[in-house]
Amino acid sequence: MLVRRIPITTLDTSAPQGSTPATIIATRLSAQDPNFAWVACSDGQVYHVDWTQSTEAPTSFKTASGTAKAMAVISAQRQGKGEDIILVVESDKEHRMEVVAYQGKTGTTTASKSLLALKKYGAGLQLLEASTDGQVLVGAFHDRLFLGVASQPGTGKLEDLQYEFYSFDIPDLITSLSLRVHKKSNSRKAQTGFDKAVDVVAGGARGAIYAYCDVLSRLQAAGKSQAAKDGVQVQRLHW
């Protein structure tokens, strides 16, 4: 049932005739307060919306590039208090994509840090997911999947946020993603100090479902190179 309709991407009266409002590209619940949601729009505006109220106008910040293709929200602890970190996929150039982290604060001086830059055509499908604790990121551009694992324990400081990334191709255009992080028995810690198994499931445009079990360990075993083309075993399912 519809709870509330909250207009986000309306045009103001000064907009030129024939203009169209920006589109919403992602919505995520706040990791700190379930009464709030983060809403990212194609023009780079990221709104902090209290969906339980209908009278207050949402606050927002704008991404550095003025673009947004995908978004994820992770939690960080800083000075004993929880804080949202907003991860936004941006692309202001045709062959370049970037994952940028922003502190969960609205205003014109929102701090940011670039986590990953990819030279990949930017007009296709973009997906980004994160584990609950923010230790693992998984994303997809076209038929390429990338996986990031935090390279050091979280300090709550944006400047300390850093991931080690691995990437590989799958046989189809990726249309959906999901991940699971769980404990694995009798395992040694990986080189990054991360001792959990990461399972990733990617949905393909032609109906195939690709399940990668404990994919992080397999990528690390294949070598430190970001482009691991061999040694990634997959279970292929289909509708």
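1. A residue counts as buried under 20% relative accessible area, as exposed over 50%, and as partly exposed in between. Asp-214 has a relative accessibility of 22%, so Asp-214 counts as partly exposed. Keep that cut-off in mind for the points below.

2. Please note that this is a predicted model. The protein has one helix and 16 strands. Of its 239 residues, 40% count as buried. Take the contacts between residues at least 6 apart in sequence: 48% of them join residues at least 24 apart.

3. Look at the backbone of Asp-214. Its phi is positive, about 50 degrees, although Asp-214 is not a glycine. Most residues other than glycine have a negative phi. Asp-214 sits in the loop between S15 and H1.

4. His-142 also deserves a look. Its phi is near 60 degrees, a positive value in a residue other than glycine. Where does His-142 lie? His-142 is in the loop between S10 and S11. With a relative accessible area of 22%, His-142 is partly exposed.

5. The largest nonpolar core has 24 residues. Which of them have the most contacts inside the core? They are Leu-145, Leu-147, Leu-177, Val-200 and Val-215. At least two core residues come from each of these elements: strands S10 (136-141), S11 (144-150), S12 (163-169), S13 (174-183), S14 (196-204) and S15 (208-212), and helix H1 (215-222). There is also a second, separate core of 22 residues. Ala-70, Leu-128, Leu-137 and Tyr-163 are among its members.

6. Val-215 shows how such contacts run. Set aside its neighbours within four places in sequence. Val-215 is then in contact with Leu-147, Phe-168, Val-198, Val-200 and Val-232.

7. Val-138 belongs to strand S10. Is Val-138 buried or exposed? Its relative accessibility is 0%, so Val-138 counts as buried. Residues up to four places away in sequence are again left out of its list of contacts. Val-138 touches Leu-127, Leu-128, Glu-129, Leu-145, Phe-146, Leu-147, Leu-177, Leu-179 and Val-200. Phe-165 is 27 residues away from Val-138 along the chain, and their C-alpha atoms are separated by 9.3 Å.

8. Gln-126 is in strand S9. At 12% relative accessibility, Gln-126 counts as buried, because the cut-off is under 20%. Leaving aside neighbours within four places in sequence, Gln-126 is in contact with Lys-69, Ala-70, Met-97, Ala-140 and Phe-141.

9. Next, the charged pairs. How many salt bridges does the structure hold? It holds six. One of the pairs is Glu-129 with Arg-28, with the closest N and O atoms 3.2 Å apart. This pair links distant parts of the chain. Glu-129 is in strand S9 (residues 126-130), Arg-28 is in strand S1 (residues 24-29), and the two are 101 residues apart. Glu-129 is partly exposed, with a relative accessible area of 22%. Arg-28 is partly exposed too, at 25%.

10. Arg-144 forms a salt bridge with Asp-169, and their closest N and O atoms are 2.5 Å apart. Arg-144 lies in strand S11 and Asp-169 in strand S12, so the pair ties together parts that are 25 residues apart in sequence. Asp-169 has 44% relative accessibility and counts as partly exposed.

11. A further salt bridge joins the side chains of Glu-98 and Arg-96, at 3.9 Å from N to O. Glu-98 is partly exposed, with a relative accessible area of 22%. Arg-96, at 30%, also counts as partly exposed.

12. Last, the empty space. Rolling a probe the size of a water molecule over the atoms shows where empty space is left. The second largest pocket has a volume of about 200 Å³. Of the 14 residues that line this pocket, Asp-50, Gln-53, Glu-56, Ala-57 and Pro-58 are the closest to its centre. Which strand gives the largest share of the lining? Strand S3 (residues 45-50) does, with three residues. What kinds of residue make up the lining of this pocket? Six are nonpolar, four are polar and four are charged.

How values were computed. Residues are numbered from 1 along each chain as its sequence is written. This is a predicted model: local features need pLDDT of at least 70, side-chain atom pairs count only at pLDDT 80 or more; totals for chains, interfaces and linings use all residues. Side-chain values use heavy atoms; hydrogens and water are left out. On a 1 Å grid over the protein atoms alone, a cavity is a set of points where a 1.4 Å probe fits but cannot get out, and a pocket is an open set with protein on both sides within 12 Å along at least five of seven lines; lining residues have an atom within 4 Å of a point. Grid points are joined across faces, edges and corners, and a volume is the space filled by probe spheres set on the points. Helices (H or I, at least four residues) and strands (E, at least two) are DSSP runs, numbered from the N terminus. Ala, Val, Leu, Ile, Met, Phe, Trp, Tyr, Cys and Pro count as nonpolar, Asp, Glu, Lys and Arg as charged, and the others, Gly among them, as polar. A nonpolar core is a set of buried Ala, Val, Leu, Ile, Met, Phe, Trp, Tyr and Cys residues joined through side-chain atoms within 4.5 Å. Buried means under 20% relative accessible area, exposed over 50%, partly exposed in between (1.4 Å probe, protein chains only). Contact means heavy atoms within 4.5 Å. A salt bridge is a side-chain nitrogen of Lys or Arg within 4 Å of a carboxyl oxygen of Asp or Glu.
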